[in-house]
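Subject: Structure handover

Hello,

Here is the structure I promised to pass on. Please open it alongside this message; my notes follow below.

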Amino acid sequence: MPQPYYNVSNKMLFISKQTWSFLFILFILAFFTTLLHYSHHTNTPAHKSSHFYLDSFLSSATNYTLATYLRHLTLHPHLAGTPPSLHTALYVKSHFQSLNLQTHVTNYTVLLSYPLFSSVTLHFPNGSVISLTLSEPGLSSTGVVKPYHAYSPSGSVYGKPVFLNYGREMDYIALGVHGVKVKGCVGIVRRGGRLSRNEVVEKAAARGVTAVLMFTDSEFAGGVERGTVMSGVGDPLSPGWGGVENGEKLRLDDPMVMQKFPSIHSLPISMMSAETILKSLEGAEMPYEWRKSMRCSTSGRVGPGPIMLNFTYEGERKMATVQNVFAVIRGSEEPDRFVLLGNHRDAWTYGAVDPNSGTAALLDIARRYALLIRLGWNPRRTIILCSWDAEEFGMIGSTEWVEQNLLTLGSKSVAYLNVDCAVQGPGFFPSTTPQFDDLLTEITKKVNDPDSEGMTLYEGWTAANRGIRIQRLTAVDSDFAPFLHHAGVPSVDLYYGKDFPVYHTAFDSYNWMVNFGDPFFQRHVAVTGVWGLLALRLAEDPILPFNYLPYAAELQDYNRILTDLLEGSNISLHPITAATQQLAAAAKQTLEEAKVYGPRNDGESELDFFPGLANAISRSSGLKSGEHNAATQHEIWRIARAIQRAAHALKGELT
């Protein structure tokens with residue numbers, strides 16, 4: 001009937017309204033419950049203090065993991081531009097990708113140099129001939145490149161050998177005092193004396209020496225130190241701009257290119273081969289100061305002759321592709337501010353120390369940062385992990401990338417943190433630009449000393465040096481060079497161990513590391529800890545933890561050096577003195593403001609670095625009193641203006 005149907009329908013409608021009201025209330029409750037749960041789940045990690053992530057980074061260290069990375073990296077020699085080097089690049093890339101880090105590769109086409117043939121024979125007055133062994137014993141079929149100097153010109157010479165010690169100015173003066181004439185001779189030089197290979201060869205060429213044989217006075221007498229003799233850094237065919245594929249290149253015979261290469265031939269030899277030559281020399285007596293510092297056996301004479309030396313080297317320069325590999329952790333609040341950690345990957349041979357102890361550390365930092373990300377960490381500023389190629393040929397991979405991105409890096413980089421040979425032996429040896437001194441010291445108090453149980457790295461470091469000892473980055477010998485000297489980016493370079501006897505030889509292998517360099521990989525753990533914590537602080541601290549007072553103090557020290565050098569001249573140092581005082585006052589004010597007011601709210605970043613001031617004054621200190629007064633005064637005014645601009649810029653950060 002219609003009526004009952006109508007009643008039932010109304011009843012169902014009434015029930016339906018109650019049901020939907022109830023369901024709506026349940027939905028609201030569920031929505032807010034889910035929202036509250038989600039909010040709690042996502043915000044909890046953000047509420048964790050920065051100390052939590054610093055502690056988590058330190059506690060996640062394992063020496064076994066570092067050893068595993070190094071073992072894989074050193075299975076084969078991987079000279080830049082060769083297939084094994086590409087395989088190593090792919091290994092680093094796949095590691096970054098496996099950690100879900102944003103990864104990319106940048107390729108450059110650059111001019112590299114490889115050996116084709118070399119020989120050295122000794123011809124004695126009695127007619128006998130000896131051919132020197134130029135490769136390391138037992139390594140003829142391992143894929144290790146034969147010892148050579150990259151970019152050495154090809155050619156042959158025949159002449160009397162003469163010992164040049166380190167090939168320094170003072171060494172040539174000493175030879176001249178003893179009546180030794182080096183023109184037309186083949187120079188025998190031992191590595192050292194604070195000279196690069198290029199400087200040694202060029203100084204020899206300037207004195208008429210026809211070729212140079214170079215050896216390392218080392219406990220590994222059979223090792224041969226490979227290396228480059230090119231002047232400067234970067235691809236010689238693209239000076240000042242990135243050597244991208246199909247990009248502009250200079251011709252090989254362009255004067256700008258040719259001036260980068262020595263004009264005479266050179267070749268590295270072992271200490272054993274050097275002994276064969278030096279024991280055969282006659283002529284003037286070797287200076288006592290040279291002889292007493294040598295491991296190498298000699299006749300006690302410097303030559304020339306009487307033996308004759310026939311030297312031939314043939315090499316090739318060819319275009320090759322090199323790969324830089326990057327992993328990026330994007331910053332949450334200042335994504336356009338970069339903290340860069342870099343290490344080169346290519347090696348002359350196996351490269352267990354140089355550079356893959358550093359590569360293993362970089363891979364482990366990536367692993368530990370990925371762990372922090374899973375714990376909820378997201379840095380304030382962007383962190384970039386950089387694996388460079390072709391450093392051994394002259395910082396080519398890093399220089400090309402800096403040249404390609406010069407304006408961005410110069411204006412947006414917070415710091416570049418370099419580790420080349422992470423572990424060479426005992427002892428902590430950091431080098432920095434001065435504003436890092438306090439931060440580095442603070443971080444070493446949080447890392448365990450690898451060689452003294454129960455001590456921090458700071459305690460072991462200061463005990464060994466009777467205080468804090470931080471070197472400055474004045475050399476051009478690793479990948480910090482283009483960042484610091486080209487882009488003006490504040491930089492750090494870290495080493496454990498001062499040097500090592502198998503440098504650039506075929507004995508720089510995993511076996512040497514586990515037997516001599518770092519058997520338990522605890523030094524690797526220490527360097528990785530300092531490196532990673534530096535980057536965390538620079539990426540996380542609201543106000544960059546820089547102190548510019550040491551920078552001003554160092555400039556004042558250089559000023560005192562100049563004062564002594566220019567004593568008695570009519571040159572005024574007042575401009576530099578006044579400008580440095582302004583910088584010191586601005587640095588002090590900045591430090592006080594940072595402590596009182598804390599983070600700024602305008603979103604701007606703090607001034608990072610005053611590039612080149614200390615180096616500029618250091619270069620000026622080479623001028624002797626009374627020389628080039630006008631030029632010197634001009635240089636003083638130029639430096640003073642640079643210091644004043646730095647002081648004004650630093651004060652401007654507070655307004």
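The model is predicted, and one cavity of 30 Å³ or more was counted in it. The largest cavity holds about 40 Å³. Its lining consists of Phe428, Phe429, Pro430, Trp461, Asn465, Arg469 and Gln471. Two elements give two or more residues each to that lining: strand 14 (428–432) and helix 14 (457–465). Strand 14 gives the most, with three residues. By type, the lining residues split into four nonpolar, two polar and one charged.

Next, the pairing around strand 12. Strand 12 covers residues 381–388, and eight of its eight residues are buried, so the rest of the structure largely encloses this strand. The cut-off for buried is under 20% relative accessible area.

Which strands pair with strand 12, and in which sense? Strand 10 (residues 308–329) runs antiparallel to strand 12, and five bridges join the two. Ala327 has Leu385 of strand 12 as its bridge partner. Strand 11 (residues 334–344) runs parallel to strand 12, with eight bridges between them. Here Gly342 has Cys386 of strand 12 as its bridge partner. Between strand 11 and strand 12 the chain passes through helix 10 (residues 356–374), and this β-α-β crossover is right-handed.

Strand 11 also pairs with strand 13. Five bridges join these two strands, and they run parallel. Leu341 is opposite Leu417 of strand 13. Strand 13 spans residues 413–423 and is mostly covered, with 11 of its 11 residues buried. Strand 13 in turn runs parallel to strand 16, and five bridges join them. In that pair, Val419 is opposite Leu494 of strand 16.

**Backbone details to check**

Two cis peptide bonds deserve a look.

- Gly303 to Pro304: this peptide bond is cis, with omega near 0°. Pro304 is placed in the loop between helix 9 (288–292) and strand 10.
- Asp354 to Pro355: this peptide bond is also cis, with omega about 10°. Pro355 lies in the loop between strand 11 and helix 10. Helix 10 is part of the crossover described above.

Then there are residues with positive phi.

- Met395 is not a glycine, yet its phi is positive, at about 50°. Met395 sits in the loop between strand 12 and helix 11 (396–404). Is Met395 buried or exposed? Its relative accessibility is 6%, so Met395 counts as buried.
- His504 has a positive phi near 60° and is likewise a residue other than glycine. His504 belongs to the loop between strand 16 and helix 16. With a relative accessibility of 5%, His504 counts as buried.

What is the C-alpha separation of Thr505 and Thr349? The two C-alpha atoms are separated by 6.7 Å, although the residues are 156 apart along the chain.

**Where to look**

For a quick tour, begin with strand 12, where eight of eight residues are buried. Move across strand 11, which is joined to strand 12 by eight bridges. Go on to strand 13, joined to strand 11 by five bridges. Then step over to strand 16, which runs parallel to strand 13. Finish at the largest cavity, with Trp461 and Arg469 among its lining residues.

Best wishes

Terms used: Residues are numbered from 1 along each chain as its sequence is written. This is a predicted model: local features need pLDDT of at least 70, side-chain atom pairs count only at pLDDT 80 or more; totals for chains, interfaces and linings use all residues. Side-chain values use heavy atoms; hydrogens and water are left out. On a 1 Å grid over the protein atoms alone, a cavity is a set of points where a 1.4 Å probe fits but cannot get out, and a pocket is an open set with protein on both sides within 12 Å along at least five of seven lines; lining residues have an atom within 4 Å of a point. Grid points are joined across faces, edges and corners, and a volume is the space filled by probe spheres set on the points. Helices (H or I, at least four residues) and strands (E, at least two) are DSSP runs, numbered from the N terminus. Ala, Val, Leu, Ile, Met, Phe, Trp, Tyr, Cys and Pro count as nonpolar, Asp, Glu, Lys and Arg as charged, and the others, Gly among them, as polar. Buried means under 20% relative accessible area, exposed over 50%, partly exposed in between (1.4 Å probe, protein chains only). Two strands pair if DSSP finds at least two bridges between them. A crossover is right-handed if, with the strands pointing away from the viewer, the path from the first strand over the helix to the second runs clockwise.
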